[in-house]
Amino acid sequence: VQTAPFNVSLGFTDSSICLGDTLRPIVNLNPAGTDYTYQWAVSGGSFQFNTTEAEPLLEPNATSTLTLTVNDTVTNCRDFATLTVTVNPLQVLVDPAATVMNPDQRVQFETTVLDGFPPYTYTWTPDTFLSCIDCSNPEANPSESVSYTVNIVDSRGCRGTGNANIAVDPFLIPNVFTPNGDDINDELILNYYEYEPGRTYEILIYDRWGVLVFEPTDPQVNWNGRDLNNNEVEEGVYYMHIRINGDPAISDAQKNRTFAV
């Protein structure tokens, strides 16, 4: 290969784009002519384009360096040029990204944007059970399970999405508690449907041998790890059975639940 009697340069040697945007390089040849072939090579990304076109349409999915080799088919001389494309993915984190809660409980989302340029615009979908749909930290108060998506656009027009899933369970029972008197998880909190007129509950806790150890007469009383005689029970696995009586709005499938605690 001889020393190139021609020169290739690019109209820009570096560029910064949003993820999902496209750009087309500008190739300058001196002297201009038609007896040239082109070959692009990519380092740092993986995407499809016409690698033998002089000015292909590029849609890189990651920051990439592209090297163009131009060959003069008459003299077999070559010259090279490089282009670096910085791709700015707008990363969106939603906290909590997933949670399980009782009906009509509340949770507040916190949205964090990485690699973006404020200010941001926010759009939450669906717009049900939310305190706002155009803010970064809406409060959700769902009565049923729902999956949210927040679409964010930064000041450059770059876009990103985040997701949050709420599973609504009418019986949400913590499965670990430590009644050791340290004021941390000392009681098993019985979270279930709020009390309504015409609805009653049966709550029974058994040990692993099927012996009844707890049966509250007051449905608002939590279990403190003591049996019917107010003696501390041994450490281990216990089983809680809850039955709802009344309230035709609750399905039969949800009226009987058993938990290991």
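Mentor: Start with strand β13 (residues 146-153), which pairs with β14 in the antiparallel sense over eight bridges. Strands here are DSSP runs of E with at least two residues, and helices are runs of H or I with at least four, numbered from the N terminus. Two strands pair if DSSP finds at least two bridges between them.
Trainee: Is this an experimental structure or a predicted one, and how are residues counted?
Mentor: It is a predicted model, where local features need pLDDT of at least 70 and side-chain atom pairs count only at pLDDT 80 or more, while totals for chains, interfaces and linings use all residues. Residues are numbered from 1 along each chain as its sequence is written, and side-chain values use heavy atoms, with hydrogens and water left out.
Trainee: Back to β14, then. Which residue stands opposite R159?
Mentor: That is V153. β13 and β14 form a hairpin with five residues between them, and G157 in the turn has a positive phi of about 95 degrees.
Trainee: What else pairs with β14?
Mentor: β8 does, in the parallel sense over four bridges. There, V100 stands opposite A167 of β14.
Trainee: Which residues of β14 are on its covered face?
Mentor: G160, G162, A164, I166 and V168. The uncovered face has R159, T161, N163, N165 and A167.
Trainee: Why every second residue?
Mentor: Because side chains in a regular strand alternate between the two faces of the sheet.
Trainee: New topic. How many salt bridges are there?
Mentor: A search of the whole structure finds four. A salt bridge is a side-chain nitrogen of Lys or Arg within 4 Å of a carboxyl oxygen of Asp or Glu. One of them joins D154 and R156, at 2.8 Å from N to O.
Trainee: Is D154 buried or exposed?
Mentor: D154 counts as buried, at 5% relative accessibility. R156 is partly exposed, with 33%. Buried means under 20% relative accessible area, exposed over 50%, and partly exposed in between, with a 1.4 Å probe and protein chains only.
Trainee: Which salt bridge does E139 form?
Mentor: E139 bridges to R106, with the closest N and O atoms 2.9 Å apart. This pair links distant parts of the chain, 33 residues apart: E139 is in strand β12 (residues 139-140), and R106 is in the loop between β8 (98-101) and β9 (107-108).
Trainee: And how accessible is R106?
Mentor: R106 is exposed, at 55% relative accessible area, whereas E139 is partly exposed, at 28%.
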